[in-house]
Amino acid sequence: MNLHEYQAKELLKKYNVPVQEGIACNTATEAEEAYRQIHSQYGSKFAVVKAQIHAGGRGKGTIIGTEQRGVAVGKNADAVKEIAQKIIGGTLVTIQTGPAGKLVNKVLVAQDVYYDGASPVKEFYLSILLDRSKGQNVVMYSTEGGMNIEDVAHDTPEKIFKEWIHPGGLLQGFQARKIAFNLGLSGEAFKNCVKFVTNLYNAYVGLDCGMLEINPLFKTSDDKIIAVDCKMNIDDNAIMRHPDIASLRDITEEDPTEVEAGKFNLNFVKLDGNVGCMVNGAGLAMATMDMIKLSGGEPANFLDVGGTANAQTVEAGFRIILKDPKVKAILINIFGGIVRCDRVAQGVIDAYQSIGNIEIPIIVRLQGTNADVAKKLIDESGLKVQSAILLSEAASLVNKAVA
């Protein structure tokens, strides 16, 4: 589950991680008042207005129909209000959203931390995630933080450092000091960085994060280390341990079909192809998508109905797949182990009759428990449903459907 920047920062503060302070706003009037509060409380002459969407590259992205960036600095209350008016309700296009962009419903009005004092400020990059190749969490960091971190990773990978953490423990003191040293820090900034990284890793573990990225990690002119931006992803499998975090979910940022699928406990991911597929088991689903590609089609989705498929879940899967106008055929590939094939077959028949006339071909391959009964049900249903026994048969039928 992805979180907005303002939500992630509030969670980090509970772990004593210093952040750039700010106020989330739904309207331009709220943004204007937020500027006054920040100016009064922190003495900031300027304020930063940040669009709150689940995508990176906001600083380089623009609102459709305007030249307004997704992140902009306001020098006074009127400027902040004007920027917020352009951003809120607009569609922000960044390198991560694609050309369709994302609707902005909220902005974060944050304190200005880029004060040019006697000591120079500096931007770093730091993230924590799971390195699946090693089975260990890894802290990735660089002296080159900011909006062009992707270019740094591509052009100068030697500037990206990595520190792996043993699965049995937390970040060790010597590791935190090594990170601060490699970032070129000294004195008070060094000490503050050690505390920051240690507390950040504790937050990563304590919140069951899948990914936690701070870009930029910022050294202020008075040697404080703070998180100016934050991307946080919570492991969906651990959400039940964090009911307070579950309430932060913003479904407006998610694909509507994936949200609907979640209501029926369906594992659904929308893709860009022309063959809808409904399968039980993630491994079989991946193999089925490979088969679709080899047969000349392109999978339109990943849909795993799990081991408890019934008429209701099958019908829900049908309706979700049929919402995609690109779909030219639907392939149902079920291995009856936990779930009986005849139950799935009956679910297909019930769904077909409930939905009404379905114009596109439906190919059903059922193997395993009661597969023969299931095939008989399909063949005698009188519906325009084609049954297959072998995977090669199903592939051939898919090929004809998309040719």
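Q: What does contact mean here, and which residues does alanine 100 touch?
A: Contact means heavy atoms within 4.5 Å. Leaving out residues up to four places away in sequence, alanine 100 touches Ile64 and Thr91. This is a predicted model, where local features need pLDDT of at least 70 and side-chain atom pairs count only at pLDDT 80 or more, while totals for chains, interfaces and linings use all residues. Residues are numbered from 1 along each chain as its sequence is written, and side-chain values use heavy atoms, with hydrogens and water left out.

Q: Where is alanine 100 placed?
A: Helices (H or I, at least four residues) and strands (E, at least two) are DSSP runs, numbered from the N terminus. Alanine 100 sits in the loop between strand E6 (91-93) and strand E7 (102-103).

Q: Is alanine 100 buried or exposed?
A: Buried means under 20% relative accessible area, exposed over 50%, partly exposed in between (1.4 Å probe, protein chains only). Alanine 100 has a relative accessible area of 61%, so it is exposed.

Q: Which residues touch the most other members of the largest nonpolar core?
A: A nonpolar core is a set of buried Ala, Val, Leu, Ile, Met, Phe, Trp, Tyr and Cys residues joined through side-chain atoms within 4.5 Å. The largest has 40 residues, and Leu12, Leu126, Val139, Phe196, Leu200 and Met232 touch the most other members. Elements giving two or more residues include helix H1 (5-13), helix H6 (187-206) and strand E12 (209-219). H6 gives the most, with 9 residues. A second, separate core of 33 residues includes Ile334, Ile358, Ile378 and Val385.

Q: How many residues does H6 have, and what span is expected?
A: The expected span of a helix is 1.5 Å times one less than its number of residues. H6 has 20 residues and reaches 29 Å from its first C-alpha to its last, close to the 28 Å expected. Its buried residues include Phe196, Leu200 and Tyr204. Aspartate 208 follows H6 and has a positive phi, near 55°.

Q: How many disulfides does the structure hold?
A: A disulfide is a pair of cysteine sulfur atoms within 2.5 Å. The structure holds 0. For cysteine 25, the nearest cysteine sulfur is that of cysteine 230, 19 Å away. For cysteine 209, the nearest is also that of cysteine 230, 7.9 Å away. Cysteine 25 is buried at 1% relative accessible area. Cysteine 209 is buried at 9%.

Q: How many salt bridges are there?
A: A salt bridge is a side-chain nitrogen of Lys or Arg within 4 Å of a carboxyl oxygen of Asp or Glu. The structure holds 21.

Q: Which parts of the chain do glutamate 5 and arginine 58 link?
A: Their side chains meet in a salt bridge (3.0 Å, N to O). The pair links distant parts of the chain: glutamate 5 in helix H1, and arginine 58 in the loop between strand E3 (47-51) and strand E4 (62-63). Glutamate 5 is buried at 4% relative accessible area. Arginine 58 is buried at 7%.

Q: Why do residues three or four places apart in an α-helix point the same way?
A: An α-helix has 3.6 residues a turn, so such residues point the same way. Take lysine 13 and glutamate 10, both in helix H1 and 3 residues apart. They form a salt bridge, with the closest N and O atoms 3.3 Å apart. Arginine 36 and glutamate 32 both lie in helix H2 (residues 28-42), 4 residues apart. Their salt bridge is 3.2 Å, N to O.
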